[in-house]
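Let's take a walk through this structure together. Have a look at the sequence and the model first, and then we'll go through the parts one by one.

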Amino acid sequence: MTAPTAADLFEDHRSVLTGVAYRMLGRVTDAEDVVQEAWLRWSARERESVRDPRAFLVRITTRLALDRLRQIQARREAYVGPWLPELIATEFGPVVPDTVEQAMLADSVSLAVLVVLESLSPLERAVFVLREAFGFPFAEIAATLDRSEPAVRQLAGRARRHVDERKPRYDVDPVHRRDLTERFMAAAGGGDLDSMLALLAPDVRFIGDSGGKSKAPTRIIESADKVGRFLYAVSHEGGPDSEFLIREINGGPAVLVLYGGKPDSVLQLDVLDGRVHCVYVVRNPDKLTALIREVERAQGEGSGSGEERDPRAGREEYVDHSPG
């Protein structure tokens, strides 16, 4: 049997490396840069001395992500308006057949969790991601971060308490979230303000991320009346070439808004007890890059390109928003 090449070994672990980097950085582009740098270091390495390629590659990727995270913190401090992670299409499907593992992975890339992770120190974030999202043993995390195991356990405990205290308790059932998302969009598209307000919790929050590059509020909007009236107003700005698709994004159903066939924005709802408690809207074009690639690939396949569809790709379905 032919021994696996350096490229083969790296590709076997690419999804884990990308997952670690994305959860630590919240940006697809930054995560891809980190994984590419990890590949360059791996390809130049004498691999005969590497006993466990997966552990070695995770160690490289985590350390590179830590360096990148420290570099970009100043960039985020100067960010215009609220900051949300760059969005990714998520459809685990047959790749992750266990429903418990699916729920864990989906939760670890949810916007609510990634926003909370922004408030952790870089080391706390690294420990949390490796332990909570991927289940790495403390001894392996300690070796990765060049820290003692007791120190890593302390970091893990502190990070977990912090996340538990700040993470909102939302309904993660995708069926319930999808149903409410469809009803919410039907109310908005049909111009039914009363129905929309009935779906909003009294203390609902609207968090819009444009980075100053598109129209969006530069402050968080709070209360059902203010959020409902704002969304009612902007829902009528779309033209005849606008489309709305339900996609699985960051572990849950979301609305991808297309203008002229190109992604313009993404709306996602956090739901609890049948009410919307938070509305996330991303309009920064830089944070839609990965979704644009997904849409273009899907459109190419739909035109008969003959390419095989990746089973991990997100689902897409059209939603009827015609009045009545």
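Two strands count as paired if DSSP finds at least two bridges between them. Helices (H or I, at least four residues) and strands (E, at least two) are themselves DSSP runs, numbered from the N terminus. Before we use those terms, a word on what you're looking at. This is a predicted model, where local features need pLDDT of at least 70 and side-chain atom pairs count only at pLDDT 80 or more, while totals for chains, interfaces and linings use all residues. Residues are numbered from 1 along each chain as its sequence is written, and side-chain values use heavy atoms, with hydrogens and water left out.

Now for the overall picture. The chain has 12 helices and seven strands. A contact means heavy atoms within 4.5 Å. Take the contacts in the chain with a separation of 6 or more: 68% of them are between residues 24 or more positions apart.

Let's start with strand 6, residues 275-282. Six of its eight residues are buried, so the rest of the structure largely encloses this strand. Strand 1 (residues 200-209) runs parallel to strand 6, joined to it by six bridges, and G208 sits opposite V281 of strand 6. Strand 5 (residues 262-272) is antiparallel to strand 6, with seven bridges joining the two; here V271 stands opposite V276. Strands 5 and 6 form a hairpin with two residues between the strands, and in that hairpin D273 takes a positive phi near 55°.

Next come the nonpolar cores. A nonpolar core is a set of buried Ala, Val, Leu, Ile, Met, Phe, Trp, Tyr and Cys residues joined through side-chain atoms within 4.5 Å. The largest one has 50 residues, and M24, W42 and L117 touch the most other members. Several helices give two or more residues to this core, including helix 1 (6-25), helix 2 (28-43) and helix 8 (149-166). Helix 1 gives the most, with 10 residues. As for L117, its contacts include R23, F128 and V163, leaving aside residues up to four places away in sequence. There is also a second, separate core of 23 residues, with L180, M196, V255 and L267 among them.

Helix 9 (residues 174-189) is worth a look of its own. Its 16 residues reach 22 Å from first C-alpha to last, close to the 22 Å expected at 1.5 Å a residue, where the expected span is 1.5 Å times one less than the number of residues. R177, L180, T181, F184, M185, A187 and A188 are buried in this helix. Down the axis of helix 9, the buried residues fall within an arc of 155°, so they line one face of the helix; the arc is that of the directions from the helix axis to the C-beta atoms. Just after helix 9, G191 takes a positive phi of about 70°.

Finally, two single residues. T61 is in helix 3, buried with a relative accessible area of 0%, and its contacts include L17 and V34, not counting residues up to four places away in sequence. W83 lies in the loop between helix 3 (53-77) and helix 4 (99-108), and is buried at 16% relative accessible area.

Notes. Buried < 20%, exposed > 50% of the residue type's maximum accessible area, 1.4 Å probe, protein only.
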